[in-house]
Number of protein chains: 2
Amino acid sequence: MVTAPSIPSPTVRDTHRSTLAPLVVPDRLLLGPGPSNAHPQVIAAMNHQPLGHLDPDYLAMMDEVQELLRYTWQTDHELTYAIAGTGSAAMEATLANAIEPGDRVLVAVKGYFGHRLVNMAQRYGAEVVTIQKPWGEAFTLEEITAALKTHQPAVMAIVHAETSTGVRQPLEGVGAACREQGCLLVVDTVTSLGGVPIFLDDWQVDLAYSCSQKGLSCAPGISPFTMGPRAVEKLERRAKPVANWYLDAALLRQYWGSARVYHHTAPINLTYALREALRLLAEEGLEARWQRHQSTAEYLWAGLAELGLSCHVPQEFRLPTLTTVRVPDGVDAKAVGRQLLTEHNIEVGGGLGELAGRVWRIGLMGHNSDPQHVDTLLQALKTVLD
Amino acid sequence: MVTAPSIPSPTVRDTHRSTLAPLVVPDRLLLGPGPSNAHPQVIAAMNHQPLGHLDPDYLAMMDEVQELLRYTWQTDHELTYAIAGTGSAAMEATLANAIEPGDRVLVAVKGYFGHRLVNMAQRYGAEVVTIQKPWGEAFTLEEITAALKTHQPAVMAIVHAETSTGVRQPLEGVGAACREQGCLLVVDTVTSLGGVPIFLDDWQVDLAYSCSQKGLSCAPGISPFTMGPRAVEKLERRAKPVANWYLDAALLRQYWGSARVYHHTAPINLTYALREALRLLAEEGLEARWQRHQSTAEYLWAGLAELGLSCHVPQEFRLPTLTTVRVPDGVDAKAVGRQLLTEHNIEVGGGLGELAGRVWRIGLMGHNSDPQHVDTLLQALKTVLD
């Protein structure tokens, strides 16, 4: 009998063998653009051993997650599931599954994440055309309809809640305009799902994606994805497979559907977390949850005004989940952020791209949408700015 | 002042609003091909609120993870980090970053995951050529060298620990042969990292990937990735960007490196878990850990022989982390697996592809590599088979 060598010939080097202390995580109030704090029950749900990804108990949990995602998005889309990655992976999944090389894709860009859609779509071989708006504004339906007529794209992509600007993009009528032109509509709901009214089917959205760590109050690393029948039809007609194996909906639907064909190992503990986050959301109910986000945001806006601070976005298009606050002249935005973090354990976000140094981004999402947190933040902000 | 509407025009439908009971997770002993049970301290590490992905405390943790991954893989590669997805995402990351469209890629296929490499590489525009072995055998260095000479590929990919067959592929000399032909070497270490001797730099491996939920005893959803200087050079010479935004190392290196440029939200709680898993591994030490895996596996093999069961792979090439056991004639492999799960709360894996119905796959990985678990399994197996 051959005995496997216990220790092979090269010697183990201890060069990178750091000796670490056990993990210490500071207690932060996360009021930036995300991640937000997770609901304590969501964190507790992760605190179990993994199950196998084909365990009957796990498969049942997957069905529950799918069903509650449909409720949260207000859609009947059968292909509604969670991507094993953060929100950007789900963003990439919508584009990878919607785009065939050579497709013309129209992206409505009004902030950082619109640009990301452009960059990603190009990598999938799309001929990308854009319409653009200054960072802080929304498109009108007329502008979108005109661009659809001019460019006649195969896919149109737009961000519902632009995390870089705090703008809520009205979507009424956009889906109908896309259908009139025979194109698919992709919508980014990363900063709206679970906090801002969304009616995916009423709005005739074909593909959408989100993240877990904002309006859903879950830990990051697992991300909602949905794809309606028109998008599935295009997927089934493809000449070449999706140019991304991990995110290929043609394969993933065989795992999330009744066939249960193994695709890749699922992020089991994050599924526990997402299931709990969605359960809590369904318990609260969408109307109550949206109302809570709206009134907490209004409370913040009033408090900011009292401090003499102004919001970057007109109230009509302002997101309840994420507020961009103008940095007063002469104030070092970064220094304020650092002081809030180190002296008050509060995280707020800085500006991105065009708005770098010009705004702070304040998120009140999911469990964190609570007037008590607004009080804590305003008090700290007052201290720091004084 | 315009007041945002509290509740918009469509009515919320309660169609998919399931009422769920709080989460109940059964207590399974996971002795299949993965996930394995996580170390209890790893589960406890997840049990904290998220931090922001640019929080100084989180950035420090990223450095710690990188350093300990270098130790675990025995590499000095600067570009060593964790992918925000499961092992297949890290597999896709190595191919996406190594392959340019039109590159010839040689894949040594000796099981299911070799075929997956072929499928993925094709999606990145590679001209794929393969060498093949029956499921249960390993390649010789001569076979690999001959194929490299014949095909002169730009990239060669091979699985170190084939999860579908239980074969350990010897890698001594393969890296040198690749360098002689001027090609990059990609190695799958999904079922070896943390349980089977690996010397990435001694073996001259250019890119490698793994998962968290096997030899590292972490929860799934975050995955080790590493890329050496020759691969980085090829990346920097690319004419077109990597055909995958989420996994693009040219962007991710700016976040994991000193520039700290935001790429995408990290799976924060899984980073806590991975850091703890790697900390425990470094505390134990690689030699001790490899030795533990080897002797626990030998204990299993002896016990299986006592039950009259035989292993599919010759001992010389048998993985200590994953054993394929031949299903005796007349025994229903699936029924046995189901009975182990439902009556004994033990998960073992079934066969994949060519080995479907012909083997069980028994994993003894990370924290689960423990003779007590072997006793529990053998006892249950005896009861079920009797």
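## Stop 1: a residue in a helix

Start by selecting V174(A), which sits in helix α6 of chain A, residues 174–180. Keep in mind as you click around that this is a predicted model. Is V174(A) buried or exposed? A residue counts as buried if 20 or more other C-beta atoms lie within 10 Å of its own. V174(A) has 24 of them within that distance, so it is buried.

Now show its contacts. Leaving out residues up to four places away in sequence, V174(A) touches L141(A), I144(A), I158(A), L185(A) and W203(A). For a sense of scale, select A380(A) as well: V174(A) and A380(A) are 206 residues apart in sequence, and 41 Å lie between their C-alpha atoms.

## Stop 2: a strand on the inside

One of those contacts, L185(A), takes us to the next stop. Select strand β8 of chain A, residues 184–188. Five of its five residues are buried, so β8(A) is largely enclosed by the rest of the structure.

In a regular strand, side chains alternate between the two faces of the sheet.

Which strands pair with β8(A)? One is β5(A), residues 155–159, which runs parallel to β8(A) over five bridges. Look for A157(A), whose bridge partner in β8(A) is V186(A). Another is β9(A), residues 207–209, also paired in the parallel sense, over three bridges. There, V187(A) has A208(A) as its bridge partner.

## Stop 3: two domains in chain A

Zoom out and colour chain A by domain. Domain 1 covers 29–36 and 286–385, while domain 2 covers 40–282. Their centres, taken over C-alpha atoms, are 26 Å apart. Where they meet, domain 1 of chain A brings 26 residues to the contact and domain 2 of chain A brings 25.

On the domain 1 side, highlight α10 (286–306) and β11 (322–326), each of which supplies at least two residues. The residues on that side divide into eleven nonpolar, eleven polar and four charged.

## Stop 4: where the chains meet

Next, bring chain B into view. How many residues of chain B are in contact with chain A? The count is 85, and they meet 85 residues of chain A. To see where they come from, select α1 (40–46), α2 (56–73), α3 (87–98), α4 (112–123), α9 (268–284) and α10 (286–306) of chain B, each supplying at least two residues. The largest share, eight residues, comes from α9(B). By class, this side of chain B has 41 nonpolar, 25 polar and 19 charged residues.

## Stop 5: the axis

Finally, compare the two copies. The same surface serves both copies, as 100% of the contact residues of chain B recur in chain A.

Technical notes
Residues are numbered from 1 along each chain as its sequence is written. Chains are lettered from A and ligands numbered from 1 in the order in which they are written. This is a predicted model: local features need pLDDT of at least 70, side-chain atom pairs count only at pLDDT 80 or more; totals for chains, interfaces and linings use all residues. Two residues are in contact if their C-beta atoms, placed from the backbone, lie within 7 Å. Helices (H or I, at least four residues) and strands (E, at least two) are DSSP runs, numbered from the N terminus. Ala, Val, Leu, Ile, Met, Phe, Trp, Tyr, Cys and Pro count as nonpolar, Asp, Glu, Lys and Arg as charged, and the others, Gly among them, as polar. A residue is buried if 20 or more other C-beta atoms lie within 10 Å of its own, exposed if 12 or fewer, and partly exposed in between; C-beta atoms are placed from the backbone. Two strands pair if DSSP finds at least two bridges between them. Domain bounds come from an automatic or database domain assignment.
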